[in-house]
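Look at the sequence and the model first.

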Amino acid sequence: MHRMPGLSVRLRLTLSYAGFLMVAGVLLLAVVWLFLLRYVPDEQITRPGPAVPNRGDLVRAFVPPAMWALFFLLLFGLLGGWILAGRMLAPLTRITDATRRAANGSLSYRIELEGRNDEFRELADSFDAMLARLEAMVAEQQRFAANASHELRTPLAITQTLLEVARNDPNSVTPELIERLHAVNARAIGLTEALLLLSRADQRSFTREPVDLSLLADEATETLLLIAEQRGVTLENAGDVTPTIGSRALLLQLTTNLVHNAIVHNLTERGSVWINTGVRDGRAVLTVENTGEKLTSGLVATLTEPFQRGTERIHTDGAGVGLGLAIVKSIADAHDGTLALEPRADGGIRVTVELPSVA
């Protein structure tokens, strides 16, 4: 953006300091005139003994030194103001340098301003915190982009191979080949839709409305009941009315993802999933627990990362595209909520989502 040239902040502060000193000097001289010289007679004073100076004599003797004093006061104000302004603005110079470095892509630089806690220190600390957050976000986006590229490359490469086989040998086009191609294409579409949903949640581009989490839990349970029966998993849904506010579609996606993950990542037989909703400490709470393998706290902490699937980054039947909990976390964050994961002592995991409650 083009701006008209102007005086620097340091020069303006210097002129301000010098101006204040000059005003103070003039006021001091005015006080001397008002409370001293005005009471001295202006006419010639004659009396026996030494001559007594009148007001004119005092003015002629006082004004030249006063003018010189004002001149040196001006010089002192300009020089001292320039030095003081430089010392005062030194932290701002460091912050500006850090801003330029950040604009050039160096997000690892930190100001780390020394000294007591004042306005500049608070500004520098806030800027350091912002740089740290930006660096973490950029690193996460780069990691996400790399993972997304890797995940999308696999189905696209398989599709290309199948199409080349069909092109080279039209007689090899069998129902199995078409079904395989359909499955791979469906997976690519599912991954793309998940990425779009994740982007929508991150941008918070949705309309907020009153939502009952208990009804969403019922709907998700009913939708996934057939999948649970096919896998031999028992669904238990309980809870009270749990009002919150947000996007019904996104919150339904959140609930469905949690229940679907609990069903898929479960015991091979006689598995269970418990869904509970309610209001606790003024927060709308959704809890989904499941049976399954015993997990460590370190592994559970990584499950909200994109494309992370349990103990291995592999494609298993019905395992989805690896964005289930990442989407859940983004939706919870977009609704000013929290997502907590903890392993169960008997195996499996407990996932708790807390959202703002409404009366």
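Q: Which residue stands opposite V279 in strand 5?
A: This is a predicted model, where local features need pLDDT of at least 70, side-chain atom pairs count only at pLDDT 80 or more, and totals for chains, interfaces and linings use all residues. Residues are numbered from 1 along each chain as its sequence is written, and side-chain values use heavy atoms, with hydrogens and water left out. Strands are DSSP runs of E with at least two residues, and helices are runs of H or I with at least four, numbered from the N terminus. Opposite V279 stands A284.

Q: How many bridges join strand 4 to strand 5?
A: Two strands pair if DSSP finds at least two bridges between them. Strand 4 and strand 5 run antiparallel. They form a hairpin with two residues between them, and D281 in the turn has a positive phi of about 55 degrees. The number of bridges is eight.

Q: Do strand 2 and strand 4 run parallel or antiparallel?
A: Strand 2 covers residues 233-239, and strand 4 covers residues 271-280. G239 stands opposite T277 in strand 4. Seven bridges join the two strands, and their sense is parallel.

Q: Which side chains of strand 3 point to the buried face?
A: Strand 3 spans residues 243-246 and pairs with strand 1 in the antiparallel sense over four bridges. Its side chains alternate. Buried means under 20% relative accessible area, exposed over 50%, and partly exposed in between, with a 1.4 Å probe and protein chains only.

Q: Why does N290 count as buried?
A: N290 lies in strand 5, residues 283-290. Leaving aside neighbours within four places in sequence, N290 is in contact (heavy atoms within 4.5 Å) with residues including A262, W274 and I349. N290 counts as buried because its relative accessibility is 2%.

Q: At what distance does the side chain of N290 reach the backbone nitrogen of I349?
A: The side chain of N290 also has a polar atom 3.3 Å from the backbone oxygen of A262. For I349, the distance from the N290 side chain to the backbone nitrogen is 3.1 Å.

Definitions and conventions. Polar contact = N/O pair within 3.5 Å; in protein donor to acceptor, adjacent residues only side chain to side chain.
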